[in-house]
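Subject: Structure handover

Hello,

Here is the structure for you to look through.

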Amino acid sequence: MTALDTPPTHNVGVTRLRKEDARLVTGRTTWTDNIQLPGMLHLALVRSPMAHARVTSVDVSAALEQPGVVAAFTGEDLVDHWSGGLPCAWAVTEDMVSPTHLPLATDEVRHVGDAVAVVVARSRYEAADAVEYVEVEYDPLPVVTEMEAALAEDAPLADTHLDTNRCFTWPLVSGDVDAAFDGAAHVVSRRFVNQRLIPTAIEPRAVVCAPPRQAREYTLWSATQVPHILRLMLALTCGVPEHELRVIAPDVGGGFGSKLNVYAEEAICLVLAQRLGQPIKWTETRSEGYQATIHGRDQIQDVSLAFDEDGRIRGMKVELLADMGAYLQLVTPGIPLLGAFMYNSIYKMDALSFTCHGVFTNKTPTDAYRGAGRPEATFAIERLMDEAAVELGRDPFELRERNWIKHEEFPYETIAGITYDSGNYEAATAKAIELFGLDELREEQARRREANDPVQLGLGVSTFTEMCGLAPSRVLGSLSYGAGGWEHASVRMLASGKVEVITGTSPHGQGHVTSWSQIAADALGVPYEDVEVRHGDTAIAHKGMDTYGSRSLVVGGYAVQVACDKVVAKARRVAAHLLEASEDDLEFAAGTFSVRGSPDASTTIQDTALAVFAAHDYPEDMEPSLDSDATVDPENFSYPHGTHLCAVEVDTETGRVDIRRYVAVDDVGKVINPQIVEGQVHGGLAQGIAQALFEEAVYDEDGQLKTASLLDYHVPSAADLPHFVTDRTETPATTNPLGVKGVGEAGAIASTPAVINAVVDALRPLGVRDVPMPASPRNVWTAIQAARSAGGGDGGPGETAGAVGNGQGGAA
């Protein structure tokens, strides 16, 4: 019998095999594309092949004559069905420029993939075939794809209805920045580029919308992270009363932020179900998704750190360009601002200046992608700390420790104005160094350099924190976000003693059903198997703020715990009544109420639930129900942290990079299910390493996406990734009763700078100070050749720009 076969005495903190997995891995489940309804029609969209053009005419008449075609519509045909276009919920400044974003463009297309017409047919394939018969005439307009070019005085406009390509300028200043830099002994400045990425969830987006039958209710299934937000926004966009719209997120195959949106196809399906009176279905193709589903990152960072002579940080400056793409999706302008509060990371400093310029280009819109602003901030500060270590002649670990917040200083208000509640950076770093074998690797690195080995060893570090658990509603309000960050849960005690947990979070792979069952089982003292978790259907979970930003456990799990506590409080009153005892004399443990000092006088919470259902004998001043709701608003963000170390081998002749060893030590507070935490960390590491080494969305000067399919866009497989060595330290959060912190984004935030720091460290003897991401063989080889042409090193690895092997300079 294994440990997993032995029933634990408690659930929280124990690995439980996921309840979800049996049906997910065997395919006995419901994805949106699996849904089949009587009389269902299928739609296909006509998308612009041009990045910027006037639409002079759209003729659907030939498409209407094709086999199986039921209807076809242009943007003009449906323009009256939209109330102002698709929503952006985050007006980050009062003067933010927000272009109208119609689900179907009418007079102008603004990026490749912008839809101009829709064909409806009896099968998906007939609709796709008929699209080829829609005739669209375009009048090309100038295209702008680069942010700095877009901000030039003579730049063409990405949208001719606007008078600028600048979406907004958002500043954050704290402390005396001028004094910090004017009095600095050293100033280290760099430019970094976080390249554009494509999320690539395993399940493409899909939508099904059914018109009313018996009830007056439209039912919309969508592969979405945000069914509650989607319901509200579609009601506002399409003029359907919110109470007449039901949104269901069935099993969803990944999202990573890309399904945290209100998309054109969702609105189109709803409107066509209204107009045609039949169920409508759309499922994207992968290449279609690469054009029409949001992209991530795409930022240019000019960053500077000011240091005292003793290596203490005095101040930081950040000048950021953030590519919005052609339109603003649901939270596009706010994404880079989430990083504004994280550029200082785990470090103490006296002053911070951050300015972000949002820029429109003729590219697919950007929005949240795993980490959403915080990976970019962590990349900048961790890369710059390594560069500073070289310039100051210091060990990169020592420089970090000299400046980070010590464990005894928590809670700590940072220069960005937020308060970290708990952490222990020393413990996480010490454990990571031990697991990594740092001394042995440094010795090997020194030998390879001395021998002029063409395959050099590089050692990289990333010490990080992030703010997640989105979010305190008042803080979101102060940032002009259009909603709050609360979460809701309901707990129902059934007559049989079984439990239903209704959560406002909406999972897409995170294991909520398992984790919420563990929380409820321990809180109520019932068997784990007796808990059922329901989610993702606005008719069942009527309130919620959904899943993103590593908020589900920190806020949603918190709500489950509070609702369970309310159930226990109600049950205590009934149990005291049944046992003819005072509530104060009752003890509750392992699901049983017992009278203190009289152990034979007891009743279980499940027996109490049956008694309440019978309602023959209960306190007169209470309702015969144990069911309870909870809506919680977090008092603070969650601040997980960790130290990630990476060793890479770089072939200086070919540019090939191989990860030799990767160690991740994370602190996510109390852990509900260790196996789920491991899975989240592994997934995040894969995506962060993918940014560092493999992935990039590339556009040409005409706005054509050159990486428009999986043939050209390298999403790594397990074969591309190393074995991960993972471990944890634990400093419980003080701002929620579970003591938990977010984990879903940690790996994606920490890993990218760890890998790039290692790559640059391997190449420092050649004079390389930076390698653009992704560090593909071509980019690495090009950086080596450029450094040699500039006279960096002697052409061989043996010449060092800093004695990294001795722990001085470079990322070790």
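For the packing values, an axis is a line fitted to C-alpha atoms, for helices over the stretch in contact, and angles run from 0 to 180 degrees between N-to-C directions. Please keep in mind that this is a predicted model.

H19 and H20

Helix H19 covers residues 674-693, and helix H20 covers residues 746-763. They pack at an angle of about 40 degrees, with axes 7 Å apart. H19 and H20 are therefore oblique to each other. Their crossing is right-handed. On the H19 side, the contact is made by Val681, Gly684, Leu685, Gly688, Ile689, Gln691, Ala692 and Leu693. H20 brings Gly747, Ala748, Ser751, Thr752, Val755 and Ile756. By class, the contact of H19 with H20 has eight nonpolar residues, six polar and no charged.

H7 and H8

Helix H7 (residues 227-238) packs on helix H8 (residues 264-276) at about 60 degrees. The axes of H7 and H8 are 10 Å apart. This pair is therefore oblique. H7 passes H8 in a right-handed crossing. Leu230, Leu234 and Cys238 make the contact from H7. From H8 come Glu266, Ala267, Leu270, Val271 and Gln274. The contact of H7 with H8 divides into six nonpolar, one polar and one charged residues.

H17 and H18

Helix H17 (residues 552-579) and helix H18 (residues 605-614) pack at about 75 degrees, with axes 10 Å apart. That angle makes H17 roughly perpendicular to H18. H17 contributes Val567, Val568, Ala571, Val574, Ala575 and Leu578 to the contact. H18 contributes Ile605, Thr608, Ala611 and Val612. The contact of H17 with H18 counts nine nonpolar residues, one polar and no charged.

A buried helix

Helix H16 spans residues 512-524, 13 residues in total. From first C-alpha to last, H16 reaches 18 Å, close to the 18 Å expected at 1.5 Å a residue. Twelve of the 13 residues of H16 are buried, so the helix is largely enclosed by the rest of the structure. Among the buried residues are His512, Trp516, Gln518 and Leu524. Glycine 525 follows H16, and its phi is positive, near 70 degrees.

Asparagine 194 is in strand E8 (residues 186-197). Its relative accessible area is 0%, so asparagine 194 is buried. Leaving aside neighbours within four places in sequence, asparagine 194 contacts Arg297, Asp298, Gln299, Gln301, Glu376, Phe379, Gln691 and Met773. Note Gln691 in that list: this residue also belongs to the H19 side of the contact with H20.

Valine 207 is in strand E9 (residues 206-210). At 1% relative accessibility, valine 207 is buried too, since buried means under 20%. Not counting residues up to four places away in sequence, valine 207 touches Thr32, Leu220, Trp221, Ser222, Glu265, Glu266, Cys269, Ile280, Lys281 and Trp282. Here Glu266 is the link to look at: it is also one of the H8 residues in contact with H7. Valine 207 and methionine 622 are 415 residues apart in sequence. In space, valine 207 and methionine 622 are 44 Å apart, C-alpha to C-alpha.

Best wishes

Definitions and conventions. Residues are numbered from 1 along each chain as its sequence is written. This is a predicted model: local features need pLDDT of at least 70, side-chain atom pairs count only at pLDDT 80 or more; totals for chains, interfaces and linings use all residues. Side-chain values use heavy atoms; hydrogens and water are left out. Helices (H or I, at least four residues) and strands (E, at least two) are DSSP runs, numbered from the N terminus. Angles under 35 degrees count as roughly parallel, over 145 as roughly antiparallel, 65 to 115 as roughly perpendicular and the rest as oblique. A crossing is left-handed if the near helix is turned anticlockwise from the far one by less than a right angle, and right-handed if clockwise. Contact means heavy atoms within 4.5 Å. Ala, Val, Leu, Ile, Met, Phe, Trp, Tyr, Cys and Pro count as nonpolar, Asp, Glu, Lys and Arg as charged, and the others, Gly among them, as polar. The expected span of a helix is 1.5 Å times one less than its number of residues. Buried means under 20% relative accessible area, exposed over 50%, partly exposed in between (1.4 Å probe, protein chains only).
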